[in-house]
Amino acid sequence: MKYSYKLRQLLSLASVFFLSPALRLVPSGTAELAGRAAWLSVPVALPFLIIYMYFIFCFLKRRQGHEGLAELILRSLGKVWGRLALGFLGLWFLLYGGFMLRSGAVRIITTIYPNASALLFVLSMGLLGLFAALGAERSLVRSARIICPAVLGVLILVLSFALVTVRRDNLLPLTVFEAEGCIKGSLASLGVGCISIYMCFFLNGLELDGERLFTRLCLWAVSVLLLLFWLNTDIIGAFGHELTTRLSQPFFALVRNLVFFRSLERVEALVVSLWIFSDFILISLCLHAAQHAFRLVLGCQSEYRGERIFELGHGRWVIWLCGLGAILSGCFMAGEPETLEFWSRQLIPGINLLVSLLLLPGIYIIGRLRKRI
Amino acid sequence: MRKGRKTIPIVLCFSLMLSGCGSIYSNYLEVEQLLVIETMGFDYLPGGVQLTLASGLSGSEGDVKLSGVGATVSAALDQARNYSFEDELFCSQTNSILIGEPAAKRNMEPYLSYICQSPILRTDVPVFIIRGGSAFESIMESGDSRHGVSEILKGVTEYLETRGGSHIFKASQISRDSLRHGSALCCALEFSQSAEPPAGEAPSAGEEAAQSARTLAVAGLGIIKDSRLVEYIDQEAAIGVAFLINKVGVSRVELKDAMEREIVLEISSGSSRILPRWDEAGELLGLDISLEAEATVTEMNDNADLSRESYAQQLTGALEEHLAQLVGDVLKQSARLEADFLALGSQVEQHSPLLFRHLNKSFSELLPALEFRIAVRARLSHTNDMKESLT
């Protein structure tokens, strides 16, 4: 396959994809569910995420050639049900992309431009994602390989300096009574980890040159959850779980307070703008995955063959429709803060968990039972 | 070549968007055009809030002070900006927040919420309550041409950070403690006459000139319960607070020896350990508080002779008794107000988490019934003064 990519590049894509939803969901969401034990809810998610990685590994073992999860779903369920499932997943990816456009815009507004309108940012990022979706997946994956070290480097720097603000009484003591809240809080981390992986492997083009897929997936899961654990500990340790649940963007509030070497402060605008790269990767991947699903439903070849950007043949007009769909949904969804809160805390994570933990495993089981994969 | 012909117009179209928001000439501001606000004050007005702002000193021009009124803090800030001479107010460098006493007694929650939610303010900005006054008056009338109110507050902050008896309480900490314990502490300042005349006035310029200089001085701590200021803790009693929250800095204590002579001791370090006492049924009976303090003698008068062991022991005993008194008074105040502003509940929870979880009332409600046993162990490390007085 001409435009293929490696596993290491794909996992970088998954890491960058992981950052935006993790920052949005995990600190406040886990603090609300788990209270003081919120910082422990991330490691609690690890065994469940490893099990999920094993499921993805088993599913991908059934690949033929450079197939992705989309092709495997089509083979597992057959033409009719497979297309229905892909259509549903395509709509889900568009919804998710639109929601991330909206929440990313709200993030920029609440942290840097309090008087601006969200529509400008939704439109700008949507157009950027659309133009990325009109190109090869390989370009997106390689972009993530470049962006990943920059974003993770800044995150690690910020978290290191934030360690001095952590207070012991914000994290301890913990009792067994916090276990239930901890497990509920771990669903947020689990959901974000699952969607990062299945969305990345949805596309075709991955070349596995004898690489140990399961080991690499597990290492990825451990590393992202470790980073998320550090982030959550810093935030809960600095603000306490009571204040964290009331802050709209606790990570950026933490960055706002940081002073580097008693000289440099108020760098939150730079950090927020760096998250735009993560948003761009996420939106582009959502559009790539959605158009891939819809083009398979229509029976078109979804593989990129070097077509020009405005070419509409081979079903490429679907990409434009997907872009339009994501932008329109981002513009019109969740206009009120309470509605956005509902979408952010309950609706989107709920649908994600249903897709990750029920739909995809169900498709795999059906495919294995029917001996189609 | 064909690709280039199509690409160039597209790039030119997009380059129009690279010029930034609007035009670089219409909304671009030089740094000198920004008024950097370093102090912000909140006062209550019926139906709204009065916001008072002050910049730092700027060369020979002095500091700029302005005020605005509005239904909300944002509206007051807009009014202050609209009716000022300034191009733009830059509030992201705010280093101190002052809250007038009437506003603090009414409700501090709107101001703390604004600080924690605002993208322009840091959540760890120090908060001070103006004891017996308003933030407007204290900002507008403090300082002189050489010392602006922001510089005075910087001095106060440094004083609190290096010396004892008080502790800087930040907006996020006050918010968190209020949410967790229902109560919190806040530094109190008083707006009073300065010890020096205004800049440019000679010390002998006359009483009126000397009295015209006003400043902000440390005046103990304010107790906040349910987001309202309820009482104060005086500067000396704040030493007891410092011990109980384990933030003992350098603080001076004046004692009398057995012969009723004045002795000044300086506490250089100290700590406390709080252990809960439970009965067999898991009910909290009280707290055992043990303090350790190390002090030095800085000044003594008349016929004091520290070289005699019995005298040193007597002085140590007096210090222990004094510290026990200070700590006991603060604990009684906490019990009387049913306000856990010392975060004693947290310390009990750290020690016995399971028993704490099964308490049938909140810790604040249990405070009046608790028995406090205080044990102090002090040590005089050395004397800065002479071992024996001249007379």
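**Salt bridges and a buried strand**

Glu178(A), at 15% relative accessibility, counts as buried (under 20% relative accessible area, with exposed over 50% and partly exposed in between; 1.4 Å probe, protein chains only). The model is predicted, so local features need pLDDT of at least 70 and side-chain atom pairs pLDDT 80 or more, whereas totals for chains, interfaces and linings use all residues. Residues are numbered from 1 along each chain as written, chains are lettered from A and ligands numbered from 1 in written order, and side-chain values use heavy atoms, without hydrogens and water.

The side chain of Glu178(A) meets that of Arg357(B) in a salt bridge of 3.5 Å, N to O (a side-chain nitrogen of Lys or Arg within 4 Å of a carboxyl oxygen of Asp or Glu). Because Glu178(A) lies in the loop between helices H6 and H7 of chain A and Arg357(B) in helix H12 of chain B, the pair joins two chains. Arg357(B) is partly exposed at 42% relative accessibility.

Within chain B, Asp234(B) and Arg131(B) form a salt bridge of 3.0 Å, N to O; since Asp234(B) is in the loop between strand S9 and helix H9, and Arg131(B) in strand S6, this contact ties together parts 103 residues apart in sequence. Arg277(B), Asp288(B), Glu371(B) and Arg373(B) are linked in a salt-bridge network.

Strand S2 of chain B (residues 48-55) is largely enclosed by the rest of the structure, because eight of its eight residues are buried. Eight bridges join S2(B) to S1(B) in the antiparallel sense, with Tyr44(B) opposite Val49(B), while six antiparallel bridges link S2(B) to S3(B), where Ser67(B) is the bridge partner of Thr52(B) (helices, H or I, at least four residues, and strands, E, at least two, are DSSP runs numbered from the N terminus; strands pair if DSSP finds at least two bridges between them).
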